[in-house]
Amino acid sequence: ARVSDGRLVTERAPDGPSGTAVVVTGTAQDIALLVWKRAVPPRPQLDVTGSAVVLKRFLATDYIPDPRTTPAH
């Protein structure tokens with residue numbers, strides 16, 4: 001997943017080594033919780049390899065408001 005023009009874009013990563021800076025693996029449920037910013041690492045259900053800084057920067061983008069820092073409507 002990546003953010004482009006403020007929108008979340010998902011795509012299947014190619015097999016094998018690539019230019020991917022960070023990879024997060026887990027169940028579909030745990031990945032969904034991560035993408036919707038409901039459960040962020042560190043979590044034993046998620047395996048994060050690569051740059052934690054890149055993941056933190058991705059989660060800081062405004063593709064969806066962060067429920068931990070945005071007041072409820």
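On a 1 Å grid laid over the protein atoms alone, a pocket is an open set of points with protein on both sides within 12 Å along at least five of seven lines, and a residue lines the pocket if it has an atom within 4 Å of a point. Grid points are joined across faces, edges and corners, and the volume is the space filled by probe spheres set on the points. The structure examined in this way is a predicted model, in which local features need pLDDT of at least 70 and side-chain atom pairs count only at pLDDT 80 or more, while totals for chains, interfaces and linings use all residues. Residues are numbered from 1 along each chain as its sequence is written, and side-chain values use heavy atoms, with hydrogens and water left out.

The protein has 2 helices and 4 strands, arranged along the sequence as β-β-β-α-β-α; here helices (H or I, at least four residues) and strands (E, at least two) are DSSP runs, numbered from the N terminus. Of the 73 residues, 18% are buried, where buried means under 20% relative accessible area, exposed means over 50%, and partly exposed lies in between (1.4 Å probe, protein chains only). Among contacts (heavy atoms within 4.5 Å) between residues at least 6 apart in sequence, 56% join residues at least 24 apart.

In soluble globular proteins, nonpolar side chains tend to be buried together. A nonpolar core is a set of buried Ala, Val, Leu, Ile, Met, Phe, Trp, Tyr and Cys residues joined through side-chain atoms within 4.5 Å. The largest one here brings together 9 residues, namely Val22, Leu34, Val35, Leu46, Leu55, Phe58, Leu59, Tyr63 and Ile64. Both α1 (28-35) and α2 (52-60) supply at least two residues of this core, and the largest share, 3 residues, comes from α2.

Each helix has a buried side. In α1, the buried residues are Asp30, Leu34 and Val35. Seen down the helix axis, they fall within an arc of 135° (taken from the directions from the axis to the C-beta atoms), so they line one face of α1. Their cover includes β2 (7-9), β3 (22-25) and α2, whereas Ala28 and Gln29 are exposed on the other side of α1. In α2, Leu55, Phe58 and Leu59 are buried. These residues cover an arc of only 95° around the axis, which puts them on the same side of α2. They pack against β1 (2-4), β2, β3, α1 and β4 (47-50), and the face turned away from them carries the exposed residues Val53, Lys56, Arg57 and Ala60.

What about the loop between α1 and β4? Lysine 37 is found there, with a positive phi near 60°. At 2% relative accessibility, lysine 37 counts as buried. Beyond its neighbours within four places in sequence, lysine 37 contacts Leu59, Thr61, Tyr63, Ile64, Pro65, Asp66 and Pro67. Leucine 59, for its part, touches Leu34, Lys37, Val40 and Pro41, again leaving out residues up to four places away.

The second largest pocket has a volume of about 160 Å³. Its lining includes Val40, Pro41, Val48, Leu55, Leu59, Asp66 and Arg68, and α2 gives the most to this lining, with 5 residues.

How values were computed: On a 1 Å grid over the protein atoms alone, a cavity is a set of points where a 1.4 Å probe fits but cannot get out, and a pocket is an open set with protein on both sides within 12 Å along at least five of seven lines; lining residues have an atom within 4 Å of a point.
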